[in-house]
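Here is a short report on one protein chain. Look over the sequence and the fold before reading on.

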Amino acid sequence: ECRSCKKFEVNAPLNPLRNKAQHHEDSSRRRAFERMIIELTGEDVVKNYRSTHAEEFQSYIWEKFGRSCFSCGKSLPKVTDMDIDHTLPLAYLWPLDETATALCKTCNSLKHEAFPSEFALYTTDKLERLSQLTGIPLNVISIKKRFVNPKVLKLLVKNSVWIFDDFLARKDYQKVKKGKKVSDLVYKALQKVLAPEGVDLVRLYFEATGRYPKTVTLK
């Protein structure tokens with residue numbers, strides 16, 4: 001897993017209304033999504049940032065946003081005071097990379113998995129500034145609907161067999177935690193965002209193999 005993502009995203013307080021079990025499920029899903037995206041794309045910006053840029057990734061984001069929360073402007077005296085937001089949410093398969101946003105823990109909790117245009121604290125002016133800081137085009141930052149990362153979507157369609165027979169078959173994902181198999185949590189969260197795109201991973205798997213995957217529980 002990406003240690004920076006776990007530290008700044010997974011372990012940060014997200015939605016105070018969720019119970020302990022829901023926090024646990026969300027953490028498992030987020031770590032799996034991050035790992036899956038890295039392996040599908042072959043890109044791990046956070047891990048490789050120090051060797052390619054001679055500085056730590058989190059320090060880069062912290063400095064770029066003026067050591068302050070982009071949302072509320074709160075000063076972040078130490079890099080560890082910052083939460084790193086994916087900007088475009090991980091839930092829709094957008095990885096942690098140079099387009100990340102520096103937020104305080106409170107604002108990151110409020111934003112959770114919203115797209116920038118959905119976040120009530122981002123005004124039109126803030127969206128324009130966010131586009132400038134992150135390099136994400138303004139028309140993408142401002143889009144009014146949720147959308148899956150097209151690059152990862154294409155790779156998922158191409159690698160549906162790998163998803164079930166390799167990735168979700170791994171020991172960590174076959175564990176049962178609090179009565180739920182981790183692979184089931186990951187698959188359901190993944191399929192939830194893929195369904196509106198007309199993608200059914202189990203159907204793709206069946207078309208490719210003539211059988212149904214055994215690494216997840218199908219009803």
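## Basis

Helices here are DSSP runs of H or I with at least four residues, numbered from the N terminus. The model is predicted.

## Overall fold

The protein chain holds 12 helices and four strands. It has 219 residues, of which 49% count as buried.

Residues 24 or more positions apart account for 67% of them.

## Helix 4

Helix 4 spans residues 57-64. Its buried residues are Phe 57, Gln 58, Ile 61 and Trp 62. Viewed down the axis of helix 4, these buried residues fall within an arc of 135°, so they line one face of the helix. The general rule is that an α-helix has 3.6 residues a turn, so residues three or four places apart point the same way.

Gly 66 follows helix 4. The phi of Gly 66 is positive, near 65°.

## Thr 123

Where is Thr 123 found? Thr 123 is in the loop between helix 5 (105-111) and helix 6 (124-134).

Ser 71 and Thr 123 are 52 residues apart in sequence. In space, C-alpha to C-alpha, Ser 71 and Thr 123 are 9.5 Å apart.

Notes. Residues are numbered from 1 along each chain as its sequence is written. This is a predicted model: local features need pLDDT of at least 70, side-chain atom pairs count only at pLDDT 80 or more; totals for chains, interfaces and linings use all residues. Side-chain values use heavy atoms; hydrogens and water are left out. Helices (H or I, at least four residues) and strands (E, at least two) are DSSP runs, numbered from the N terminus. Buried means under 20% relative accessible area, exposed over 50%, partly exposed in between (1.4 Å probe, protein chains only). The arc is that of the directions from the helix axis to the C-beta atoms. Contact means heavy atoms within 4.5 Å.
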